[in-house]
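Subject: Structure handover

Hello,

Please find the structure below, followed by notes on what was found in it.

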Amino acid sequence: MNRGRAKFACAIGAVALGLSSLASADATPEMLAEACAGCHGPGGNSAGPAAPSIAAMDPMVLVDTMETFKSGDTYSTIMGRIAKGYSTEEFQKMAEYFHAQEYQPAKQTYDQALADKGAKLHDKYCEKCHAEGGKPLVDEEDYNILAGQWSPYLRFTMSDFREDRREMEKKMRKKLEEMLAAEGDAGLDALFAYYASQQ
């Protein structure tokens, strides 16, 4: 499924689930999370390459992400419209629900030689912030899951960062520029293969 079709499918799924009817103060975390399943999969484990898995996601990161989608500070095609239907309290309920779910890496193909190179690049440029190869972290805060995410999603998101559709932290921009200067886009291909290999 291409990116456009995936976004359309997510939009149709959101309408079918009746997001506006679920967004109420009485909604349980499970009810709120069910509305996300059309794109992010049951329990937050995505079955499609255009949407990330959000199971085990750090609650602080999820809430902050949803708030910036809602405000328009983070670029989106679908999520900005969806986020407007929810309150901060509902974001918090969703975040705690998804944090408690078991993360399942996406089953996808990858080039082993590229993955081996990507492991070294990750250790050199990314490990300081994305510890343990980008895996979900127990008893840690403020982490983004990279290990086992769909490669197409990571590519879309990196494109958004590089084209300034999403804000990139200064330290990430510095490391990315260093890696691109040394490796070019082939370095990104290697990183994506490494994250895909963590199954």
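A surface patch here joins like charges within 9 Å, taken from residues with over 30% relative accessible area and no salt bridge. The coordinates are those of a predicted model. In this model, a negative patch is formed by Asp 64, Asp 73, Asp 139, Glu 140, Glu 141, Asp 142, Glu 167 and Glu 169. One of these, Asp 73, sits in the loop between helix H5 (59–71) and helix H6 (79–83). Asp 73 counts as exposed because its relative accessibility is 60%.

Overall picture. The chain has 12 helices and zero strands. Of its 199 residues, 44% are buried. Among contacts with a separation of 6 or more, 69% are between residues 24 or more positions apart.

Asp 58. This residue is worth a look before you assign charges. Asp 58 lies in the loop between helix H4 (37–40) and H5. Asp 58 is buried and has no salt bridge; Lys 171, the nearest side chain of opposite charge, is 13 Å away. Beyond its neighbours within four places in sequence, Asp 58 is in contact with His 99, Glu 140, Glu 141, Asp 142 and Tyr 143. Glu 140, Glu 141 and Asp 142 also belong to the negative patch.

Salt bridges. How many salt bridges does the structure hold? There are eight. Asp 160, Glu 163, Arg 165 and Arg 166 are linked in a network of them. Within it, Asp 160 pairs with Arg 165, the closest N and O atoms being 2.8 Å apart. Asp 160 is buried, as its relative accessibility is 3%, while Arg 165 is partly exposed at 26%.

Another salt bridge joins Arg 173 to Asp 164, with closest N and O atoms 3.2 Å apart. Arg 173 is partly exposed, with a relative accessible area of 29%, and Asp 164 is exposed, with 56%. Lys 175 and Glu 178 form a salt bridge too, their closest N and O atoms being 3.9 Å apart; the cut-off for a salt bridge is 4 Å. These two residues are three apart in helix H11, so about one helical turn separates Lys 175 from Glu 178. Both ends are partly exposed, Lys 175 at 34% relative accessibility and Glu 178 at 33%.

Backbone. Which residues other than glycine have a positive phi? Asp 164 is one of them, with a phi of about 60°. Asp 164 lies in the loop between helix H10 (151–162) and helix H11 (170–183). Glu 132 is another, with phi near 55°. Glu 132 belongs to helix H9 (residues 131–134) and counts as exposed at 51% relative accessibility; the threshold for exposed is over 50%.

Pro 49 and Pro 152 are 103 residues apart along the chain, and their C-alpha atoms are separated by 5.6 Å. Pro 49 is in the loop between H4 and H5 and is partly exposed at 26% relative accessibility. Thr 109 and Ala 196 are 87 residues apart in sequence, with a C-alpha to C-alpha distance of 7.4 Å. Thr 109 lies in the loop between helix H7 (88–99) and helix H8 (112–126), and is exposed with a relative accessible area of 77%.

Regards

How values were computed
Residues are numbered from 1 along each chain as its sequence is written. This is a predicted model: local features need pLDDT of at least 70, side-chain atom pairs count only at pLDDT 80 or more; totals for chains, interfaces and linings use all residues. Side-chain values use heavy atoms; hydrogens and water are left out. Patches are made of residues with over 30% relative accessible area and no salt bridge: like charges are joined within 9 Å, nonpolar side chains (Val, Leu, Ile, Met, Phe, Trp, Tyr) within 5 Å. Accessible areas come from the Shrake-Rupley method with a 1.4 Å probe; for residues, only the protein chains shown count as cover. Lys and Arg count as positive and Asp and Glu as negative; His and the chain ends are not counted. The place of a charge is taken as NZ of Lys, CZ of Arg, CG of Asp or CD of Glu. Helices (H or I, at least four residues) and strands (E, at least two) are DSSP runs, numbered from the N terminus. Buried means under 20% relative accessible area, exposed over 50%, partly exposed in between (1.4 Å probe, protein chains only). Contact means heavy atoms within 4.5 Å.
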